[in-house]
Amino acid sequence: MNQTIRQLLDTADLLLTDTGEPATSTAATASRCRGAAFALRVALESAVADRLTAHRAPRAIREGTQRAAFLWLRGCAEAGTARRAKAVWSQLCLGCHYHQYEIGPTEDQVRAWHTEVAALVALLVR
């Protein structure tokens with residue numbers, strides 16, 4: 001695993017860690033969760049890019065859209081791993097986007113995503 005991916009996973013951990021401060025605001029908690037989701041999404045995207053580079057995917061795929069990258073990943077990783085990666089990436093994308101009428105991702109959701117991203121990164125970068 002490259003250093004950037006490790007740092008992104010650690011950043012997500014730090015954002016989810018209880019600071020021990022008395023009752024932080026709901027807005028602060030939601031912001032920390034959304035920030036952790038961003039870090040996790042970028043970590044997963046970096047792991048996918050590393051896998052594509054290792055399998056000599058065309059430059060247009062590596063530098064194109066994430067949708068294309070996840071389609072190409074099907075040929076570079078086990079089918080189950082590629083499906084899991086695409087599924088958690090889709091969930092992270094939804095969790096990263098702010099909408100006035102939606103509550104952001106919960107800590108439990110982001111912790112579950114963290115577990116899944118860490119497992120997928122381990123599978124993709126080996």
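User: Are α1 and α6 roughly parallel or roughly antiparallel to each other?
Analyst: This is a predicted model, in which local features need pLDDT of at least 70, side-chain atom pairs count only at pLDDT 80 or more, and totals for chains, interfaces and linings use all residues. Helix α1 (residues 3-16) packs with α6 at an angle of about 160°, the two axes being 11 Å apart; helices are DSSP runs of H or I with at least four residues, numbered from the N terminus, and axes are lines fitted to C-alpha atoms over the stretch in contact, with angles from 0 to 180 degrees between N-to-C directions. Angles under 35 degrees count as roughly parallel, over 145 as roughly antiparallel, 65 to 115 as roughly perpendicular and the rest as oblique. Therefore α1 and α6 are roughly antiparallel.

User: How many nonpolar residues are in the contact of α1 with α6?
Analyst: Residues are numbered from 1 along each chain as its sequence is written, and side-chain values use heavy atoms, with hydrogens and water left out. From α1, the residues I5, L9, A12, D13 and L16 meet E107, V110, R111, H114, V117 and V121 of α6 (contact means heavy atoms within 4.5 Å). Ala, Val, Leu, Ile, Met, Phe, Trp, Tyr, Cys and Pro count as nonpolar, Asp, Glu, Lys and Arg as charged, and the others, Gly among them, as polar. Beside 3 charged residues and 1 polar one, the number of nonpolar residues is 7.

User: Is α5 oblique or roughly antiparallel to α6?
Analyst: Let's start with the geometry: helix α5 (residues 79-96) and helix α6 (residues 107-124) have axes 10 Å apart and pack at an angle of about 140°. That angle makes the arrangement of α5 and α6 oblique.

User: Which residues of α6 do T81, R84, A85, V88, Q91, L92 and G95 in α5 meet?
Analyst: The crossing of α5 and α6 is left-handed (the near helix is turned anticlockwise from the far one by less than a right angle; clockwise would be right-handed). By class, this contact of α5 with α6 holds 9 nonpolar, 3 polar and 2 charged residues. On the α6 side, the partners of those α5 residues are W113, E116, V117, A119, L120, L123 and L124.

User: With which residues is L44 in contact, leaving aside its neighbours within four places in sequence?
Analyst: L44 lies in helix α2, and at 0% relative accessibility L44 is buried (buried means under 20% relative accessible area, exposed over 50%, partly exposed in between, with a 1.4 Å probe and protein chains only). L44 and V121 are 77 residues apart in sequence, yet their C-alpha atoms are 6.5 Å apart. Setting those sequence neighbours aside, the contacts of L44 are F70, A85, V88, W89, V117, L120 and L124.

User: How many disulfides does the structure hold?
Analyst: A disulfide is a pair of cysteine sulfur atoms within 2.5 Å. The sulfur of C76 has its closest cysteine sulfur in C93, at 20 Å, which is too far for a bond. For C93, the closest cysteine sulfur is in C96 at 6.4 Å, again too far for a bond. The number of disulfides is 0.

User: What positive phi does R56 have, although it is not a glycine?
Analyst: You can find R56 in the loop between α2 (26-54) and α3 (59-62). R56 is exposed, because its relative accessible area is 76%. Its positive phi is about 55°.

User: How far apart in space are Y98 and G80, C-alpha to C-alpha?
Analyst: Y98 sits in the loop between α5 and α6, and with 58% relative accessibility Y98 counts as exposed. Y98 and G80 are 18 residues apart in sequence, and their C-alpha distance in space is 30 Å.

Conventions: Helices (H or I, at least four residues) and strands (E, at least two) are DSSP runs, numbered from the N terminus.
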